[in-house]
Amino acid sequence: MSSENLDIAYVAKLARIALTDEEVERFGTQLGDLLGHVATLADLDLDSIPATAQVVESRNVVREDCERDSLDREKVLAGAPQRQGAFIRVPRIIGQA
Amino acid sequence: MATIAKSAAEIARAVNARECSAREMIDATMDRIAAVEPQVGAFLSVLERQARESADALDARIAAGERFPLAGVPLAVKDNLALDGTVTTCGSKMLERWVAPYTATAVRSMLAAGAIPVGKANMDEFAMGSSCENSALGVTRNPYDLHRVPGGSSGGSAASVAAHEAAIALGSDTGGSIREPAAFCNLVGFKPTYGRISRYGLIAFASSLDQIGPLTRSVEDAALAYDAMAGFDPMDATSVDRSVEPTAGTLREDLHGLRIGVVKQFDTHKLGADIDDVYDRALHDLEALGAEIVEVELPTADYGLATYYLIAPAECSSNLARFDGVRYGLRVDGVDVAEMNERTRAAGFGPEVKRRILIGTYALSSGYYDAYYVRAQKARTLVARDFAKAFEKCDLIAAPATSSPAFRFQSKSDPYSMYLMDYYTIPMSLAGLPALSVPCGWVTPEGGERPMPLGLQLTAPLFAERPLLAAAHAYERATMHAAKHGTEVVEVAR
């Protein structure tokens, strides 16, 4: 559990957050520090321990596949940054010149 | 006459008995908010018009013969809970102007019980923080010392109830975000079992940990709010389909026959003599009420923080991926979609949210997933097993809620020192257990001028909310610590 490979610029790319040079440096130090703290988990013998994703009884949850009320379209569209008629407007993703 | 000093239980009784109207209650609350909000800053928005209209509608129904368990109770709603037609910001620039198109189930349940939302409460951005200082949209101060933080992330919720701007506040708790601000603001803060209250309409932070709960000035009020909100909801696939027993009518006055565990690993000596004395006295008081104090062990307690700061950021990085400039709130344009995403998220998120997304993305990334995320999930199993074993020897566990009283603004500049604030609350969250903080005494911090409250954290096995609230009520009634000191803002007429 070493943190020497923490490449903040690469992780920021994966997370789609543009960082300034100052942020790359500051977050790099702070997250390296945190990874040092979480490295204590290496002390625990966990080989035979199952992972816990959720603590209370869990089961598949299904519902009947039928028509039902949905959120009001106008209200939902009003929360989007850009719209065009009944649609959310997004930058072009196909056929860029 | 409408007296906002009353508890929620007393308000509901008076409104149902038509001794005062819901409208009078809300008018008095709005006067109070106008008077103290410039000092406290608990709310990001005040719902003045809606609250008065709701009160009039409720009064008409009461006049027609209906009765409500929380009739006319002024309610603060943490700003990560959707309330139809209200701006719901999560304390973030990302959602600064986003209007919720529906109402969260928990809020809906409170409305059905007769509570009236008076404002949306400030919070650490996306519920990440322990002081409310991570809000991008406002400063909230602790009513008991305006130079100190109210705690977080439900800091606005706590401050509003402490300053009598609401009788009940809804908060959300992922690693301590209800219990810690409740302890800092002399309140009861209750996180029920994971899955007991629907999270539909709660903007997600860490889905395997998040739970909604109330912050109140008494255990009885917390029980009333819990009774209104607990139960299965088909809209939340993780809500538990299991019968809920009402708690409010089953509160106790003594603790005979109850075994209360004290955790060997939670050594309160290291918190300083004043704080140690408060927790020592709390144990004596529990014993005097008839409880048997037994020592229990949580050998993995010290690993809780490390486990939490992998699991919660991992889930947060996944949940917050939806804020991409397309569907909700902010968009900053770029030459292509990727640049639009990157610029939007750079401008919309504050530093703590960015840190957690980055650490979570790293922990989930190819090559590190097993070493970090899976390892943390396995450690989580050990934490849950420790509690299960401890509860073979006791019925409840007593522990500090926090390692100190409320601290001064900007005194925890290093992120890890802020994370340590949740040392005592995180293990219970990892295990999904119901836990609450109840006022247990006062200390005057070094360099401080005013006595500040501390909280005793009581924890119960999964789904044992009823004995938990019953015991907390007995302790509260016997000690009455909350009433011993007042706030720094103008006191309410009693």
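**View 1. Helices H9(B) and H12(B) are oblique to each other**. Why oblique? The axes of helix H9 (residues 304-319) of chain B and helix H12 (residues 369-390) of chain B cross at roughly 120°, so the pair counts as oblique (under 35 degrees is roughly parallel, over 145 roughly antiparallel, 65 to 115 roughly perpendicular, and the rest oblique). Those axes come within 9 Å; they are lines fitted to C-alpha atoms, for helices over the stretch in contact, with angles from 0 to 180 degrees between N-to-C directions. The crossing is left-handed, meaning that the near helix is turned anticlockwise from the far one by less than a right angle (clockwise would be right-handed). Touching here are B:Thr307, B:Leu310, B:Ile311, B:Ala314 and B:Glu315 from H9(B), and B:Tyr372, B:Tyr373, B:Ala376, B:Gln377, B:Ala379 and B:Arg380 from H12(B), where contact means heavy atoms within 4.5 Å. Sorted by class, that makes seven nonpolar, two polar and two charged residues (Ala, Val, Leu, Ile, Met, Phe, Trp, Tyr, Cys and Pro are nonpolar, Asp, Glu, Lys and Arg charged, and the others, Gly among them, polar).

*A note for all views.* This is a predicted model, in which local features need pLDDT of at least 70 and side-chain atom pairs count only at pLDDT 80 or more, while totals for chains, interfaces and linings use all residues. Residues are numbered from 1 along each chain as its sequence is written, chains are lettered from A and ligands numbered from 1 in the order in which they are written, and side-chain values use heavy atoms, leaving out hydrogens and water.

**View 2. Here's an open sheet of eleven strands in chain B**. Reading across, the order is S1-S3-S2-S4-S6-S5-S10-S11-S9-S7-S8, and the pairing is mixed. Strands S1 (43-46) and S8 (292-296) are the edges, each pairing on one side only. On average, neighbouring strands are turned by 30° against each other, direction ignored. Helices (H or I, at least four residues) and strands (E, at least two) are DSSP runs, numbered from the N terminus, and two strands pair if DSSP finds at least two bridges between them.

**View 3. Strand S4 (residues 168-173) of chain B is mostly covered**. S2 (residues 74-78) of chain B runs parallel to S4(B) over three bridges, and B:Val77 sits opposite B:Leu170. S6 (residues 211-216) of chain B pairs with S4(B) in the antiparallel sense over six bridges, with B:Gln211 as the partner of B:Asp173.

**View 4. Strand S11 (residues 452-459) of chain B is mostly covered, with eight of its eight residues buried**. S10 (residues 435-443) of chain B joins it antiparallel through eight bridges, and B:Val438 is partnered by B:Leu456. S9 (residues 396-400) of chain B also runs antiparallel to S11(B), through four bridges, and B:Ile397 faces B:Thr459.

Note on methods
Buried means under 20% relative accessible area, exposed over 50%, partly exposed in between (1.4 Å probe, protein chains only).
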